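Hi,

Here is the model I promised to pass on.

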Amino acid sequence: MTYAEAIGRLLALRGGEYAGMRPGLERIEALLDALGRPERAYTLAQIGGTNGKGSTSAMLAAILKADGRRVGLFTSPHLVSFRERIRVDGQAIGEDAVVDGVEALGTQIARVDATVFEATTALGLDHFARERVEIAVLEVGLGGRVDSTTVGRPAVEALGPIDIDHREFLGDTLAAIAAEKAAIFRSGTAVSAAQAPEAEAVVVAYAARADVPLLLEGRDLSVVVRARGLDGQRIDCVGPGWRLDDLRLGLLGAYQPGNALLAVTAARVLGAGERAIREGLARARWPGRFEVRRRAGGWLVLDGAHNPAGARALAASLATYFGDTPVTLIFGTLRDKDAAGILQPLLARTRRVILAPFPSPRAVAPADLRALVPASQRPAEAPSVAEALALAEADGEASLVCVAGSLALVGEALRVLDRGDKPCPVENAVDSMRPLS
């Protein structure tokens with residue numbers, strides 16, 4: 001079997017990215033039984049929430065690696081390569097290992113009628129056992145209660161901010177969504193970002209029900225930003241009986257200090273020391289989340305921002321880092337997303353909108369988005385992401401270009417910009433870890 005054939009076999013399975021929300025965990029449990037329960041070979045850390053769970057996972061994995069652990073990292077979706085979903089010590093799974101994993105699953109996938117995400121989760125957990133990791137950091141795919149990453153007995157579970165998203169799967173109210181997400185609390189120590197009162201009540205109740213200690217931002221944890229610029233941020237993190245001042249955070253974005261607080265707290269629960277926390281936070285990267293690049297005419301920002309909360313966070317970050325600079329927005333989204341809700345916080349600072357298609361069967365056609373953009377913002381339709389980027393470059397007044405609305409859109413932009421599908425790195429080079437000026 002070739003790598004292409006292995007990926008083809010996975011993608012031919014039932015459903016798509018979110019089909020793992022079929023009620024019940026019996027399919028992933030059956031796959032893990034067939035594989036000999038690989039998740040029992042290492043410590044587990046599970047990261048959930050609506051936004052920020054990937055960034056938190058990447059930072060936690062980088063800290064644990066800096067602490068000398070051998071670390072598995074499972075995330076979704078990928079940006080340019082399927083291999084990004086499964087990493088050991090920051091390195092994406094090899095093509096041969098993907099083939100081995102699919103062959104190991106064999107006929108079990110069809111026998112249990114597994115979805116793409118369930119099979120990929122099993123493949124990742126098996127790969128981590130084969131690679132003898134000491135700890136695996138698992139990013140929840142969707143929700144939490146019946147997500148296929150909700151296996152085993154984690155030493156720590158962390159929840160980022162909870163907001164409205166995926167209503168068709170999780171419910172229409174913040175309380176209902178919080179219940180799906182807080183259901184990952186079942187063992188070890190629970191950590192949570194600050195939540196809206198409606199969600200916080202649910203988070204506190206679920207931790208109590210699971211009889212696990214809860215460390216909650218705003219009550220037990222806090223973070224303060226000392227300085228920030230396009231070369232990074234400096235933050236202070238505080239928890240019960242501990243304080244870490246002047247930590248360098250390599251990730252940009254006004255929302256990343258809160259994610260860093262969760263990662264630092266989870267890392268401390270797992271026994272990581274101060275040196276590792278400092279090094280890991282400085283080195284961690286998470287592409288496509290307020291990723292800022294220089295371009296000939298100014299700056300390019302790439303941010304998935306695939307729901308209204310993410311778009312509000314992006315708008316706040318654009319204002320924080322670029323002030324009142326008008327934005328040329330390259331936008332596209334998926335059919336099951338709140339396109340108007342995503343656009344609304346971004347349009348206030350946008351001078352021009354370029355609507356772009358991208359390779360996904362769920363992508364909204366640019367023509368169907370045009371009515372959401374006021375004529376004053378000069379909506380244009382591009383035939384591809386490459387053409388959208390070229391249109392922005394040809395605009396002499398486009399000093400700040402932002403690609404947003406979907407991680408699939410951002411992934412296509414990265415393929416164009418970097419000319420290929422090599423897995424995106426999740427660590428900065430050592431020489432990039434200079435102190436902030």
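**The sheet**

Let me start with an open sheet of three strands, ordered β9-β10-β11 and paired antiparallel. For the terms: two strands pair if DSSP finds at least two bridges between them, and helices (H or I, at least four residues) and strands (E, at least two) are DSSP runs, numbered from the N terminus. β9 (222-229) and β11 (242-249) are the edge strands, each pairing on one side only. From one strand to the next, the twist averages 10°. Strand β10 (residues 232-239) is joined to β11 by six bridges, and the two run antiparallel. Have a look at Arg234 too: the residue opposite is Arg248 in β11. As a reminder, strands of a sheet pair through backbone hydrogen bonds, either parallel or antiparallel.

Before the rest, a word on the basis: this is a predicted model, so local features need pLDDT of at least 70 and side-chain atom pairs count only at pLDDT 80 or more, while totals for chains, interfaces and linings use all residues. Residues are numbered from 1 along each chain as its sequence is written, and side-chain values use heavy atoms, with hydrogens and water left out.

**Salt bridges**

How many salt bridges does the structure hold? There are 30, counting a side-chain nitrogen of Lys or Arg within 4 Å of a carboxyl oxygen of Asp or Glu.

Arg27 and Glu118 are both buried; here buried means under 20% relative accessible area, exposed over 50% and partly exposed in between, with a 1.4 Å probe and protein chains only. For Arg27 the relative accessible area is 9%. Arg27 also forms a salt bridge with Glu26, where the closest N and O atoms are 3.6 Å apart. Glu26 counts as partly exposed, at 48% relative accessibility.

Then there is Arg312 with Asp163, a salt bridge whose closest N and O atoms are 3.2 Å apart. Arg312 sits in helix α12 (residues 308-322) and Asp163 in the loop between β6 (156-159) and α7 (167-170), so this pair ties together parts that are 149 residues apart in sequence. Arg312 is partly exposed at 43%, and Asp163 is partly exposed at 23%.

**Where α2 meets α6**

The axes of α2 and α6 come within 10 Å and cross at roughly 35°. Axes here are lines fitted to C-alpha atoms, for helices over the stretch in contact, and angles run from 0 to 180 degrees between N-to-C directions. On the α2 side, Arg27, Ile28, Leu31 and Leu32 make the contact, and on the α6 side Glu118, Ala119, Thr121, Ala122 and Leu125 do, with contact meaning heavy atoms within 4.5 Å.

**One more residue**

Is Asn259 buried or exposed? Asn259 is buried, with a relative accessible area of 4%, and lies in helix α10 (residues 256-269). Leaving aside residues up to four places away in sequence, Asn259 touches Gly52, Ser55, Thr56, Met59 and Pro161.

Cheers
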